[in-house]
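Subject: Structure for your review

Dear colleague,

Please find below the sequence and structure that I am handing over to you. My account of what was found follows directly after them.

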Amino acid sequence: MPLHVKLKPYERMIINGASIRNGDRSTDFIIENQCKFLRETEIVRESDADTDCKKLALIVQIIHLSNHSEETESLFKNKAFDIVRFMPQLASEIIEIQGYISENETHRAVKAVRKLIQLEHDLLNQVANNKGAA
């Protein structure tokens, strides 16, 4: 089934590892075959990976865009373990992401890790607010 994509002006997208950027007008196109892609809103840049969950998102992106190897699987497990050790409240989300990866539904894992980043952000803000109130 073809996928209809509309890119906003200057929006970036990665398709099968190639980074493309739209020009100054919106563009519509149709992807007619299977490919791996990420829209700009799903991309976490290495320079922005300043928390453990954002670092995990980078690993999930690599798994999604490439044929994940034992090395990337190991990176994922190590980072996931670190996150759960320090923020056990996120364990169910980590398990969900791992499930998607195991089922080779890596794009769903990319979307789920975005939710994880938001939860991490909320937890870190909550801790900061509690320290400020003390």
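The largest nonpolar core has 28 residues, and the members that touch the most others are Val-60, Phe-76, Ile-97 and Leu-116. Each of the helices α1 (52-65), α2 (70-86), α3 (91-102) and α4 (106-133) contributes at least two residues to this core. Please bear in mind that the model is a predicted one.

Phe-76 deserves a separate entry. Apart from its neighbours within four places in sequence, Phe-76 is in contact with Leu-56, Ile-59, Val-60, Ile-63, Ile-94, Ile-97, Gln-98 and Ile-101.

As to the overall architecture, the protein contains 4 helices and 5 strands. Along the sequence these elements follow the pattern β-β-β-β-β-α-α-α-α. The C-alpha atoms fill a box of roughly 55 × 35 × 25 Å along the principal axes. The protein has 134 residues, of which 34% count as buried. Where contacts join residues at least 6 apart in sequence, 51% of them are between residues at least 24 apart. The exposed surface comes to about 8600 Å², with carbon and sulfur atoms supplying 52% of it.

Helix α3 was examined in more detail. Its 12 residues reach 16 Å from the first C-alpha to the last, which is close to the 16 Å expected at 1.5 Å a residue. Which residues of α3 are buried? They are Glu-93, Ile-94, Ile-97, Tyr-100 and Ile-101. Viewed down the axis of α3, these buried residues fall within an arc of 120°, so they line one face of the helix. Exposed residues Ile-95 and Ser-102 are carried on the face of α3 turned away from that buried side. Just after α3, Asn-104 adopts a positive phi of about 60°.

Turning to charged side chains, the structure holds 8 salt bridges, and three of them are described here.

- Asp-24 and Arg-25 meet through their side chains in a salt bridge of 3.8 Å, N to O. Asp-24 counts as exposed because its relative accessibility is 51%, and Arg-25 is likewise exposed, with a relative accessible area of 63%.
- Glu-40 forms a salt bridge with Arg-45, and their closest N and O atoms are 3.3 Å apart. Arg-45 is partly exposed, at a relative accessible area of 28%, and Glu-40 is partly exposed too, at 25%.
- Glu-42 and Lys-111 meet through their side chains in a salt bridge of 3.2 Å, N to O. This pair links distant parts of the chain: Glu-42 lies in the loop between β5 (37-39) and α1, whereas Lys-111 belongs to helix α4, 69 residues apart. Glu-42 is buried, because its relative accessible area is 7%.

Yours sincerely

Technical notes: Residues are numbered from 1 along each chain as its sequence is written. This is a predicted model: local features need pLDDT of at least 70, side-chain atom pairs count only at pLDDT 80 or more; totals for chains, interfaces and linings use all residues. Side-chain values use heavy atoms; hydrogens and water are left out. A nonpolar core is a set of buried Ala, Val, Leu, Ile, Met, Phe, Trp, Tyr and Cys residues joined through side-chain atoms within 4.5 Å. Buried means under 20% relative accessible area, exposed over 50%, partly exposed in between (1.4 Å probe, protein chains only). Contact means heavy atoms within 4.5 Å. The expected span of a helix is 1.5 Å times one less than its number of residues. The arc is that of the directions from the helix axis to the C-beta atoms. Accessible areas come from the Shrake-Rupley method with a 1.4 Å probe; for residues, only the protein chains shown count as cover. A salt bridge is a side-chain nitrogen of Lys or Arg within 4 Å of a carboxyl oxygen of Asp or Glu.
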